[in-house]
Amino acid sequence: MASTDNPILNRESKPGLSPTVQRHLGHQLRAAYAPLETAATPDVFLALIEKLEAALAAQGRTVEPEFREGMLAALSSLRAFALSLTNNAARADDLVQDTILRAWQNQHRFQPGTNLNAWLFTILRNAFYSEQRKRMREVQDEDGSYAARLFTAPDQGHRLDVQDLRAGLAKLPPDQREALILVGAEGLSYEEVAGICGVAIGTIKSRVNRARNRLAELLGYGDDDLTGDRMMQSAMGEGV
């Protein structure tokens, strides 16, 4: 998850979107993805990794412990990102399994000491867009009902905020949405996200900036609206 020093919260945006609104959006984005990133890893992913390990063992080979543990730790984040791309649970799970297979087969290409999550996100994103190009027709979670349940929080007011955020994210262009999620929810640097998306760093900064501003516009956020916002007050621990 993103740190308190996340660049999405610190970069200046166009006039009119104050730091208060930026911080609020950042907290909401992380709150929306927290349930996904803390959820139990589906058994199907763990079973797949066990089968891959068994196949290696049958060949008298083993996987590097750091790589295995890193992949296990990344599964929830991979699933969250897959859901943000597909908005469909079944497709997201298929995408994560495909990512596991591709990563396992190409683990020799991973450079130790670099960001494993960023490498895995790159594989997942490439697999998604490769699939998109091949699909003539697709079945989606059109009303977002599954995603809405995933993002449900115990507190009713918080739940409504999160569902509004999800609806707003769905209205963003795909390239802006993925950049915002990777930087704002996953806590990757602009440089890492630029590598994942295969574009210049300036392009990612622009996408994040435009996505953040558009999201604030869709949610109708302004400083006056947030002055007494109890979600922000509880998240920040103080008045802003």
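Start with helix α3, residues 43–58, and helix α5, residues 89–105: in this predicted model they pack with their axes 10 Å apart, at an angle of about 20 degrees. Anything under 35 degrees counts as roughly parallel, so α3 runs roughly parallel to α5. As for handedness, the crossing of these two helices is right-handed.

Now look at who does the touching. On the α3 side you'll find V44, F45, L48, I49, L52, E53 and L56, and they meet D93, V96, Q97, I100, L101 and W104 of α5. Sorted by class, that contact comes to 10 nonpolar residues, one polar and two charged.

As background, nonpolar side chains tend to be buried together in soluble globular proteins.

While you're on α4, take a look at S76, which lies in that helix. Is S76 buried or exposed? Its relative accessible area is 13%, and the cut-off for buried is under 20%, so S76 counts as buried. Beyond its neighbours within four places in sequence, S76 is in contact with L36, E37, A39 and T41.

Next, jump along the chain to another helix pair. Helix α10 (residues 190–197) and helix α11 (residues 201–219) have axes that come within 8 Å and cross at roughly 105 degrees. That angle makes α10 roughly perpendicular to α11. From α10, the contact uses Y190, E191, V193, A194 and C197, while α11 brings I201, I204, K205, R207 and V208.

Finally, zoom out to the whole protein chain. Its secondary structure comes to 13 helices and zero strands. Of the 240 residues, 46% count as buried. And if you take the contacts with a separation of 6 or more, 74% of them are between residues 24 or more positions apart.

Note on methods. Residues numbered from 1 in each chain as written. Predicted model: local features only at pLDDT ≥ 70, side-chain atom pairs only at ≥ 80, totals over all residues. Heavy atoms only, no water. Axes fitted to C-alpha atoms, helices over the stretch in contact; angles between N-to-C directions. Helix = DSSP H or I, 4+ residues; strand = E, 2+ residues; numbered from the N terminus. Parallel < 35°, antiparallel > 145°, perpendicular 65-115°, else oblique. Left-handed = near helix turned anticlockwise from the far one by under 90°. Contact = heavy atoms within 4.5 Å. Nonpolar A, V, L, I, M, F, W, Y, C, P; charged D, E, K, R; others polar. Buried < 20%, exposed > 50% of the residue type's maximum accessible area, 1.4 Å probe, protein only.
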